[in-house]
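Colleague: I have a model open and want to learn how to read it. Can we go feature by feature?

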Amino acid sequence: MEDEEKWLAEGIAAIQHNAFYMSRALDSNNLREALKYSALLLSELRTSKLSPHKYYELYMRAFDELRKLEMFFREEDRHGCSVIDLYELVQHAGNILPRLYLLCTVGSVYIKSKEAPAKDILKDLVEMCRGIQHPTRGLFLRSYLAQISRDKLPDLGSEYEGEGDTVMDAVDFVLQNFTEMHKLWVRMQQNGPVRLKEKLEKERSELRDLVGKNLHVLSQIEGVDLEMYKDVVLPRVLEQVVNCKDEIAQYYLMDCIIQVFPDEYHLQTLETLLGACPQLQSAVDVKTVLSRLMERLSNYADSSPEVLPDFLQVEAFAKLSSAIGKVIEAQVDMPVVGAISLYVSLLTFTLHVHPDRLDYVDQILGACVKILSGKAKLEDSKATKQVVALLSAPLEKYTDIVTVLTLSNYPRVMDHLDAGTNIIMAKIIIESIMKNDTCVSTADKVEVLFELIKGLIKDLDGTATDELDEEDFKEEQNSVARLIHMLYNDEPEEMLKIICTVRKHIMAGGPKRLTFTVPPLVFSALKLVRRLQGQDGDMAGEEVPATPKKIFQLLNETIEALSLVPSSELALRLYLQCAEAANDCELEPIAYEFFTLAFVLYEEEVADSKAQVTAIHLIIGTLQKMTVFGVENRDTLTHKATGYSAKLLKKPDQCRAVYACSHLFWVDDQDGIKDGERVLLCLKRSLRIANAAQQQANVTRGSSGPVTLFVEILNKYLYFFEKGNPQITPAAIQSLIELIRTEMQSDATTPDSASDAFFSSTLQICNPSLLIFEELEEAI
């Protein structure tokens, strides 16, 4: 590698040295000196020591200098030599490689002068270039010829057309240059021992674009219409591809043909192009070639809907299906993944071009069943991905899952999947529903759907939830939860059937799944409850209509199963949600029952101190919003909530929960619940607890800590004072403010900037401009 860098540096230095003298000769209009130094410059390209990548760097240096020389040759008044004489003169260069580069450069000027037919000069140049048979040097020389001639071809409408020059001459020139370059490129594989095969193949791959550039030039010739492409261009190119017997060249050139020529030409010559595929070497990646062809045709159909009849006219589907069958038959060693990937591409093509032909889709699935039959469950990950892609494609196209179920071979393909892939397919199905915002609206459809996604709903043979990755499991169950929200019907009776169907499936999923799947089911049922507000549901008959009472009974049983998992904190939250819904339906006994269940769970199951704090605040918040309870029931529940608040483990938590309970006795939007005395009792009790917390901190840590709790209680005093609670007097507020200031100035109190800022912000609300605080301001 170091030697190669040294050789490249020496070559570049020599080119720069000779380029300097050539430029000086050009500036002084000295033709002889210019030719001398340009030939010396180009002699550096005779090296065989460089890899194609390094040789390209050297070539580009020389190419830049040749552009300057070409501009000089165009200006006859500078060098005083006619272009014909110049064309003869450069042929006296000593070495063949510099001679041919100079000949191509002058030839470009010669064609532009129009002093001779373009076809004669082009033919002369392409023949003369045969003098270089070294693969690398020959490829770059012919690449230079293609570069300088591409804008001088006798194309349709070109200035070089006419007087015997036709489009056919341009096509012949490009095809001949392509053929010679292709032969040189293929010959590279024979240079070197077997141990260098990998290196040589890499070098050949680096040069492939030089060969493919000719096909790109062909595709840009305006005069190459469909007839000429069909009769001349494609047969001659395919002849080179098939006869070379080289897998790298065959794969690259087939891909090149597909990419550079128009889609319309591919459609009309489909039989010829596909006929070459089974003749390719067995090592050629034919599946990728065919896949790219079908992808291009699919995009063509998408972008130009008016061409769809042409696809039917040429029987594109039948030809592609037949070609795939022949390729699979010819390549007996083709793995399952390769065969399936071909049918995935054909299915994608079919869904784009013939979306209404479900029989075509089923035919493709049937062909896949034939490939998979007789084999064990798929374990190859690549093959599995292809089968998933195959089954996913119809889901993406047909948003209604029932349409997919009409395909008789769809479930037969799924039968060949293992449990893990079944889970993958279930996720794909759910993603399709979510992406297309599909609403599954009947209980029958839900039943079918949940059978399809059973891999996520319950443990299949060969799987166990214990073996699954925790993150993957959560993601899967969350997708099921999202799906439940997509099941909806405007008819309450049908919606209740859907809820019952979902419940039947998810309750069989095992305890680990219930924490994910029960909450969305509960909320879906509560939505239905709120739509049915006002119905009692005491009607007799076999078909009991959907009523709030019936749904609440179902919810009670469902959440009870969740509380046994155990997942008591989640069950408590859901009980409170049900209590709130029962409140909206004015069903006091049901609401009370749900609160009772929540309290029982709190007592018996919630042991963690943090969870207790969260739970008691949830209970207090929900209870505050309840309007359905009579005095007795409300008193019972508020007494329970207050009692549990005072029994929390940590004093600060007790304090906050107790002052939160003060809101249970003063609710603005309900007449009658404005018990100022009990509000004051809660606040005073929270003050005592806060004081006890300070003393406890002082004993254990030597300092009483910040006064945050006192400031929070002050905010509650101010809140109830603003709301007009007569028990909250300015004197009481002033007394509390003084207490806080005293505590802050105490040596035992830990300084805390956040508490100080909190206290200052609280005092700022005592603004004299606010009428409601004028009395307080006077007292202060």
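Modeller: Start with contact: it means heavy atoms within 4.5 Å. Keep in mind that this is a predicted model. Now take helix H34, residues 651–661. What covers its buried residues includes helix H32 (609–625), helix H33 (631–645), helix H35 (676–701) and helix H36 (708–722).

Colleague: Which residues of helix H34 are buried?

Modeller: Gln 654, Cys 655, Ala 657, Val 658, Tyr 659, Ala 660 and Cys 661. Buried here means under 20% relative accessible area.

Colleague: Next, charges. How should I read a salt bridge?

Modeller: Side chains of opposite charge can pair when their charged atoms come close. The cut-off is 4 Å between a side-chain nitrogen of Lys or Arg and a carboxyl oxygen of Asp or Glu.

Colleague: How many salt bridges does the structure hold?

Modeller: The count is 24. One of them pairs Lys 54 with Glu 5, with the closest N and O atoms 2.7 Å apart. Lys 54 belongs to helix H3 (residues 52–74) and Glu 5 to helix H1 (residues 2–27), so this pair ties together parts that are 49 residues apart in sequence.

Colleague: Is Lys 54 buried or exposed?

Modeller: Buried, because its relative accessibility is 12%.

Colleague: Show me another pair. What is the partner of Arg 236?

Modeller: Asp 172. Their closest N and O atoms are 3.0 Å apart. The pair links distant parts of the chain: Arg 236 is in helix H11 (residues 226–243) and Asp 172 in helix H9 (residues 167–187), 64 residues apart. Arg 236 has 32% relative accessibility, so it counts as partly exposed. Asp 172 has 30% and also counts as partly exposed.

Colleague: And which residue pairs with Arg 530?

Modeller: Asp 584 does, with the closest N and O atoms 3.1 Å apart. Again the pair links distant parts of the chain. Arg 530 is in helix H28 (residues 511–531), Asp 584 is in helix H30 (residues 568–584), and 54 residues separate them. Arg 530 is partly exposed at 33% relative accessible area. Asp 584 is partly exposed, also with a value of 33%.

Colleague: Which residues do salt bridges with shared partners join into one network?

Modeller: Glu 127, Arg 130 and Glu 180.

Colleague: Take Asp 77 from helix H4. Why does Asp 77 count as exposed?

Modeller: Because its relative accessibility is 73%, and exposed means over 50%.

Colleague: Now the backbone. How do I read a phi value?

Modeller: Most residues other than glycine have a negative phi. Glu 315 has a positive one, near 55°. Glu 315 is found in the loop between helix H16 (308–313) and helix H17. With a relative accessible area of 51%, Glu 315 is exposed.

Colleague: What is the phi of Glu 586?

Modeller: About 60°, a positive value although Glu 586 is not a glycine. Its place is in the loop between helix H30 and helix H31 (588–604). Glu 586 counts as exposed because its relative accessibility is 65%.

Colleague: One more loop. Where does Asp 437 lie?

Modeller: Between helix H23 (419–435) and helix H24 (443–452). Asp 437 counts as exposed, at 58% relative accessibility. For scale, take Arg 150, which is 287 residues away from Asp 437 along the chain. The C-alpha atoms of the two are separated by 53 Å.

Methods. Residues numbered from 1 in each chain as written. Predicted model: local features only at pLDDT ≥ 70, side-chain atom pairs only at ≥ 80, totals over all residues. Heavy atoms only, no water. Helix = DSSP H or I, 4+ residues; strand = E, 2+ residues; numbered from the N terminus. Buried < 20%, exposed > 50% of the residue type's maximum accessible area, 1.4 Å probe, protein only.
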